[in-house]
Amino acid sequence: MTSHSPVVIDDIPQLSANEKVNAWVVKVAQLTQPNEVVWCDGSQEEFDRIATEMVEAGTLIKLNPELRPNSFLARSDASDVARVESRTFICSKEFEDAGPTNNWRNPDVMRAELNTLFAGSMRGRTMYVVPFAMGPLGGKITQYGVEITDSPYVVLSMALMTRSGSEALKYIEPESQWVKALHSVGYPLVDAEGNEREDVAWPCNDTKYITHFPEAREIISYGSGYGGNALLGKKCFALRIASAMAHDEGWMAEHMLLIQVTNPQGKKYTITGAFPSATGKTNLAMMRPKVDGWKVETIGDDIVWMRPGDDGRLYAINPEYGFFGVAPGTGYSTNPVAMDTIKKNTIFTNVALTDDGDVWWEGMTDTAPSHLIDWQGNDWTPGCGSPAAHPNGRFTVTADQCPTISPDWEAADGVPVDVILFGGRRRTNVPLVFRSKSWEHGCFLGATLGSEQTAAAEGPVGVLRRDPFAMQPFAGYHMGDYWNHWLTMGRKLGKKAPAIFQVNWFRRDKDGSFLWPGFGENIRAIEWIIDLLEGEVEPVGTPIGLLPKTEDINVDGIDVDEATLKKIFAVPAEGWEKELDVTEDYFNSIGDRVPNAMYSQLAAVREGFAKL
Ligand code: GTP
Ligand code: SPV
Ligand code: MN
């Protein structure tokens, strides 16, 4: 039992050179009334100490050190397993500025409500102060923040996912811009009357608020301990707040992977790709190419920040320090690099535990072990009717453990981008790969990106979940303004802008099977992209963009015949005409901030089909 002995405010350390940071720490402690305030230094000793405390408390399970050294399993509450978009709010001053794709709350009303929820919310707990950098320390594109949290799981995860601790704190100077990120699981161990209660393995609260104040560059998150809800450097800062900063300051914050691809001639290309959640960013970021002579090096798998450099090109960094990857579906046959990355020093969340103290999930191996403890802590046997791992079970690991990590991954000011990919999960209509006709047309491809639900039956185009630029849940301001920002960046970059392509690994045959083998074979789509940029092949003009000639796709050694290639690259006029109608309705639903260029692009595609 913890007792309630609230920290003495005058004893709270003031470790920042920035008085605003110190004052904010004190203010939060006064409000939340923790027993203790700990500034995290980011050291290995600190990580080990907190991990040991969590193992002793039963909130982490230490995995068998012979099989998975220095690794842990966390099981969340069954209600706290993913981002909660319905409880995510953009609290811009004006309702209009959040736009129709975000939930909005008046910032003053929201702050008042949160103040009530946070009052005493850390009673009986330790309040951790985690200074962190998003990006290499000192880099031109890098930004800084401080997360206050009462969750030791968050502290350990932030240590893996960001550059956190004393080093990052040094970069928050007296006049620096920094982001306030306040988090509480909302499960105090002592109530206002002083009555104590036992802690649980995964404290959280049925009331959840993931709130963003874009003008104040501030995040307040309550009630959840999971991933994108609680590791506030990630989606909340690096996408929602950063996208608003980027709009104001002339740079870009995107839901993208970042890789370097070297062709057999030894020429290196930098490629970014915006794919919606669970649509293959981590897999492409760690691809082991199945065609000889090609090399893929990893820089990032989820978030990319880009800024024009002095030479007028667009420079990109991965602002994160680790990977928070989807576990199910990850195995040696699909993503061997990820499997090698997570051999040690990894936190697993909501996957199954084997009898010998290791982890397992669907897709890790072809056959399941005969007995497991499932992600909820229950006995599990094959065929018992429920999955052993939660479909959104994840691994958390630092990027430097990735065997394909690029030597440039910490380049302080980033690497210049050659190619931008947009990729959805599309059963129909969208070919494996094609090039946009221009930057503006590329922005149209981004704006019309969508994904179908994985398990859903083939349905009309209307059931598509729109996910423009893979940013639907992450743009921290009006979607129409965000599209406009992309157009503006293109005008600024001019001829030096990256080339834009669309890819789709997920097109299906009539029987529902995937037409394209995917994974390591996706290098063949990239091979065409690079051949095209090198002028070695000519594209075919179609109303939707510049497609490959099927004979220019390298299918040596794979079971993809000409008839299948025809299906993979088909552009069915009927399907597209329907899709364009839906797109027009969709643009209308975004409202009058949709740039005119989007409607003229739409008209141009329609005209293209009309002329056929
Ligand atoms: P978030 O971390 O949620 O942003 O996801 P992500 O975009 O990084 O997706 P990830 O790489 O984890 O892949 C999600 C799912 O897509 C997994 O089940 C993969 O096995 C599957 N997947 C990835 N690439 C391919 C592919 O080329 N073909 C097919 N058929 N499935 C793929
Ligand atoms: C996503 O949903 O795109 C993720 C997982 O990468 S989370 O960090 O929870 O947002
Ligand atoms: Mn993601």
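Select H255 and K281: their side chains make a polar contact of 3.4 Å (a pair of N or O atoms within 3.5 Å; within protein, one must be able to donate a hydrogen and the other to accept it, and residues adjacent in sequence count only if both atoms are side-chain atoms). This is a predicted model, in which local features need pLDDT of at least 70 and side-chain atom pairs pLDDT 80 or more, while totals for chains, interfaces and linings use all residues. Residues are numbered from 1 along each chain as its sequence is written, chains are lettered from A and ligands numbered from 1 in the order written, and side-chain values use heavy atoms, without hydrogens and water.

Stay on H255, in the loop between β12 (252–254) and β13 (256–262) (strands are DSSP E runs of at least two residues, helices H or I runs of at least four, numbered from the N terminus). H255 is buried at 1% relative accessibility (buried is under 20% relative accessible area, exposed over 50%, partly exposed in between; 1.4 Å probe, protein chains only).

K235 sits in helix α8 (residues 233–249). Beyond four places in sequence, K235 touches residues including R83, G228 and D302 (contact: heavy atoms within 4.5 Å).

Finish at S277, partly exposed at 30%, whose side chain joins that of R83 in a polar contact of 3.2 Å.
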